[in-house]
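This briefing goes through one protein model, topic by topic. Please look at the sequence and the structure before reading the points below.

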Amino acid sequence: MATHEDTPTPLLAGLEAEFAALWQLRKVRAREFSQLLHPHLDPTALPLLGELGQNGPLRPTDLADRLHLDPSTVSRQLNATEKLDLVRRFPDPTDARARLVDLTEQARDKFEGYREELLGRWRRSLGNWAPGEVETLTRLLHRLRQDW
């Protein structure tokens, strides 16, 4: 079985360059999509809104864990998005001492539009790919993330 020591440096450099280019493109798309949600939304809050859009409502500490962020960062993002009327906080019905956070109804509608736009972009980008190729890429990226 091959080890990481067997991987030629040019292959790793090429992989790193492709990830860097994808990361830069993702930042551009995040700026574009954040404008769809709110003209004053900081694009760095998109992962937080995405997590709430797909899995909310959540406790702020759970958001921090899921996003691998410091709780103070999540708190700042929640404060900023709350001021933009994108999130709301309310008591946790299972623990009166705790608070939950979720998207506002207006933000959820916008998020669903954003999500449809994003899925449409994926469909267009991967339109010439076989479903098995998409599945393989997904599986390999998951493996890479787990090993990272």
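A search of the whole structure, which is a predicted model, finds two aromatic pairs. In one of them, the ring centres of phenylalanine 33 and tyrosine 114 are 5.0 Å apart and the planes stand at 75°, so this pair is edge-to-face. Phenylalanine 33 belongs to helix H1 and tyrosine 114 to helix H5, so the pair ties together parts that are 81 residues apart in sequence.

**Aromatic rings**

- Phenylalanine 33 and tyrosine 114 are both buried.
- The other pair joins phenylalanine 111 and tyrosine 114: the ring centres are 5.7 Å apart and the planes are at 50°, so the pair counts as tilted.
- Phenylalanine 111 and tyrosine 114 are three residues apart in helix H5, so about one helical turn separates them.
- Tyrosine 114 has a relative accessibility of 11%, and therefore counts as buried.
- Phenylalanine 111 is also buried, because its relative accessible area is 6%.
- Through these ring pairs, Phe33, Phe111 and Tyr114 are linked into a cluster.

**Overall build**

- The protein contains six helices and two strands.
- Along the sequence, these elements follow the pattern α-α-α-α-β-β-α-α.
- The C-alpha trace spans about 55 × 30 × 25 Å along its principal axes.
- The radius of gyration is 18 Å, whereas a compact globule of 148 residues would have one near 15 Å.
- Of the 148 residues, 27% count as buried.
- When contacts between residues at least 6 apart in sequence are taken, 45% of them join residues at least 24 apart.

**The nonpolar core**

- The largest nonpolar core has 24 residues, and those that touch the most other members are Leu41, Leu48, Leu49, Leu52 and Leu63.
- At least two residues of this core come from each of helix H1 (9-37), helix H2 (46-55), helix H3 (60-67), helix H4 (71-83), strand S2 (95-103) and helix H5 (105-125).
- What does leucine 49 touch, not counting residues up to four places away in sequence? Its partners are Leu37, Leu41, Thr81, Leu86, Val87, Leu103 and Phe111.

**Helix H1**

- H1 has 29 residues, which at 1.5 Å a residue should span 42 Å; the end C-alpha atoms are 41 Å apart, so the two values agree.
- Ala30, Phe33, Ser34 and Leu37 are the buried residues of H1.
- H2 and H5 are among the elements that cover these buried residues of H1.

**Helix H3**

- The buried residues in H3 include Leu63, Ala64 and Leu67.
- These residues cover an arc of only 100° around the axis, so they lie on the same side of H3.
- The cover over the buried residues of H3 includes H2, H4 and S2.

**Loops**

- Where is histidine 38 placed? Histidine 38 sits in the loop between H1 and H2.
- Histidine 38 has 17% relative accessibility, so this residue counts as buried.
- Apart from neighbours within four places in sequence, histidine 38 is in contact with Leu84 and Leu86.
- Glycine 56 and proline 57 are joined by a cis peptide bond, with omega about 0°.
- Proline 57 has its place in the loop between H2 and H3.
- The phi of histidine 68 is near 55°, a positive value in a residue other than glycine.
- Is histidine 68 buried or exposed? Histidine 68 counts as exposed, because its relative accessibility is 73%.
- Aspartate 85 is not a glycine either, yet has a positive phi of about 60°.
- Aspartate 85 lies in the loop between H4 and strand S1 (87-92).
- With a relative accessible area of 42%, aspartate 85 is partly exposed.

Terms used: Residues are numbered from 1 along each chain as its sequence is written. This is a predicted model: local features need pLDDT of at least 70, side-chain atom pairs count only at pLDDT 80 or more; totals for chains, interfaces and linings use all residues. Side-chain values use heavy atoms; hydrogens and water are left out. A nonpolar core is a set of buried Ala, Val, Leu, Ile, Met, Phe, Trp, Tyr and Cys residues joined through side-chain atoms within 4.5 Å. Buried means under 20% relative accessible area, exposed over 50%, partly exposed in between (1.4 Å probe, protein chains only). Helices (H or I, at least four residues) and strands (E, at least two) are DSSP runs, numbered from the N terminus. Contact means heavy atoms within 4.5 Å. The expected span of a helix is 1.5 Å times one less than its number of residues. The arc is that of the directions from the helix axis to the C-beta atoms. Rings of Phe, Tyr and Trp (its six-membered ring) pair if their centres lie within 6.5 Å; planes under 30 degrees apart count as stacked, over 60 as edge-to-face and the rest as tilted. The radius of gyration is taken over C-alpha atoms; the globule rule is 2.2 Å times the number of residues to the power 0.38.
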